[in-house]
Amino acid sequence: MAKRRVKKRTQPAPSDNGAVDRSPKSMVIRIGAGEVGSSVSQLVKDVRHLMEPGTAARLKERRANKLRDYTTMAGPLGVTHLLLFSRSDTGNTNLRLARTPRGPTLHFRVEQYALCKDVLKAQRRPHSGGFEFQTAPLLVMNNFITPEAAVAAVEKNGVEGETKQGPPPKHLEKLVTEMFQGLFPPISPQTTPLTSIRRVLLMNREPLTKEENGTYTINLRHYAITTKVMGLPKSIRRLNAAEKLKGSNKKRSALPNLGKLDDVADYLLDPDAGGYTSASETEIESDAEVEVLATSARKILSKRDRAAAPERPDGHKSGSRGGKGKVEKRAVKLVELGPRMKLRLTKVEEEICGGKVLWHEYVNKSAAEVKKMNATWEKRKREKEERRRVQKENIEKKRKEKGGKKGEEGEDEDDEDEEDYDMDDDVWDEDAEGDGDEEMEDGDGAGG
């Protein structure tokens, strides 16, 4: 019997031990594509740019799309997070951060935001961009967990006679922290190369105050990490800048005017001479300087040189020469890319945009109300399980009536999907686009 021929050139290469890419992926979506306005639409594009490369940068939404459309495709595409931007009837911009496929969902109100174009327009020397967006940014989080001393001090100095909702409990603060940490792949200091870290995302939570004890406000900033070789005198740096400007398309007026000087030393040694950058931009604090191993070019040896080269301790001969790394000082500087956002947490839900409310900023329920709410949700859960059981029995009954033909099993599966469709998903954007300070129904309370 002839040996079976296997096409090696046209078949896809096998993966490494069946490894699956489990890095986080996200979809940034605008709800109501024609109703959110041009500013929110541009903000969505900027956030997609921020979340690169693990996001759908060219996602096109339709006004007819529902939450079920995105959650259905999240599994096959490997999407782990949904960022939903919407705009309420009163003009407030809202952001919902949901974890697929079972939640939870964090509701934020975007109190203030600035687009990337506005941030770049306000800078004197904006960053043009390069290969920064080929890798995920470094996430830096500050003050996300409230210290016990800060909570005690705020409660002690609170306003007498007033009962305010306190900050989220510790387990919900940890939940919010893990949600943001899960947006980007983890970084290992031992294995992650420093050259791959080109951006940083700073998230700072505002400290608690006596007036706003129950708020959870986060300020978001996005920067590019740039480095510059240090250790050179300022005059030499000026000459290097002049050499770069000479070959560029910048205006000639940026070059130094040496017509009134007798010697070039008068320009280099004069501390008040007009250079290309101010002293505040060139002189960087020593705390921002780091020592890195600089790479240099290596020369590939010919066959004759390799034969004459001495053997290494491992018994092999070197095939190249030179390339010894040297330690050099570099100054680290952050250049803001945008966008900026000020997010205020208003609600935490158990599922994706429709589950039990775990915490609410404006609604504080008593223990009896919380108990009643939990009983209501348990009843809904039992009813939902009962509906699924009845649907499954009906499907099995139909299959038996049709004789279990293989050609009709696919149609039965389609019928199962249609019958399992929950109409609550159709109106998710209408119920969730309202203001966060509206009264919730009996089933949408928050624990006190």
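Glu173 and Arg205 are both buried (buried means under 20% relative accessible area, exposed over 50%, and partly exposed in between, with a 1.4 Å probe and protein chains only). The two residues form a salt bridge, with their closest N and O atoms 3.0 Å apart (a salt bridge is a side-chain nitrogen of Lys or Arg within 4 Å of a carboxyl oxygen of Asp or Glu). This is a predicted model, in which local features need pLDDT of at least 70 and side-chain atom pairs count only at pLDDT 80 or more, while totals for chains, interfaces and linings use all residues. Residues are numbered from 1 along each chain as its sequence is written, and side-chain values use heavy atoms, with hydrogens and water left out.

**Salt bridges**

- The whole structure holds 11 salt bridges.
- Helices (H or I, at least four residues) and strands (E, at least two) are DSSP runs, numbered from the N terminus.
- Glu361 and Arg344 also meet through their side chains in a salt bridge, at 2.7 Å from N to O. Glu361 lies in the loop between strand S13 (357–360) and helix H10 (367–401) and Arg344 lies in strand S12 (residues 340–349), so this pair ties together parts that are 17 residues apart in sequence.
- Glu361 counts as buried because its relative accessible area is 8%, and Arg344 counts as buried because its relative accessibility is 17%.
- Glu386 and Arg389 form a salt bridge whose closest N and O atoms are 2.3 Å apart. Both residues lie in helix H10, three residues apart, which is about one turn of the helix.
- Glu386 is partly exposed because its relative accessibility is 37%, and Arg389 is partly exposed because its relative accessible area is 41%.

**Helix H5**

- Helix H5 (residues 170–181) has 12 residues, and at 1.5 Å a residue it should span 16 Å; its end C-alpha atoms are 17 Å apart, which agrees. The expected span of a helix is 1.5 Å times one less than its number of residues.
- The buried residues of H5 include Leu172, Leu175, Val176 and Phe180.

**His107**

- His107 is in strand S4 (residues 105–114), and it is buried because its relative accessibility is 8%.
- Apart from neighbours within four places in sequence, His107 is in contact with several residues, including Leu95, Arg96 and Arg344 (contact means heavy atoms within 4.5 Å).

**A nonpolar surface patch**

- Leu258, Leu261 and Val264 make a nonpolar surface patch of about 210 Å².
- Leu258 lies in the loop between helix H6 (234–246) and helix H7 (264–269). This residue is partly exposed because its relative accessible area is 35%.

**Confidence**

- The protein has a mean pLDDT of 75, and 65% of its residues reach 70 or more (pLDDT is the predictor's confidence in each residue, from 0 to 100).
- Among the elements of the protein, strand S3 (residues 93–99) has the highest mean pLDDT (95) and helix H8 (residues 279–282) the lowest (40).
- Over residues 159–163 the pLDDT stays under 50, and the model has one contact beyond four places in sequence for them.
- Over residues 274–283 the pLDDT is below 50, and this stretch has 24 contacts in the model beyond near neighbours in sequence.

Notes
Patches are made of residues with over 30% relative accessible area and no salt bridge: like charges are joined within 9 Å, nonpolar side chains (Val, Leu, Ile, Met, Phe, Trp, Tyr) within 5 Å. Accessible areas come from the Shrake-Rupley method with a 1.4 Å probe; for residues, only the protein chains shown count as cover.
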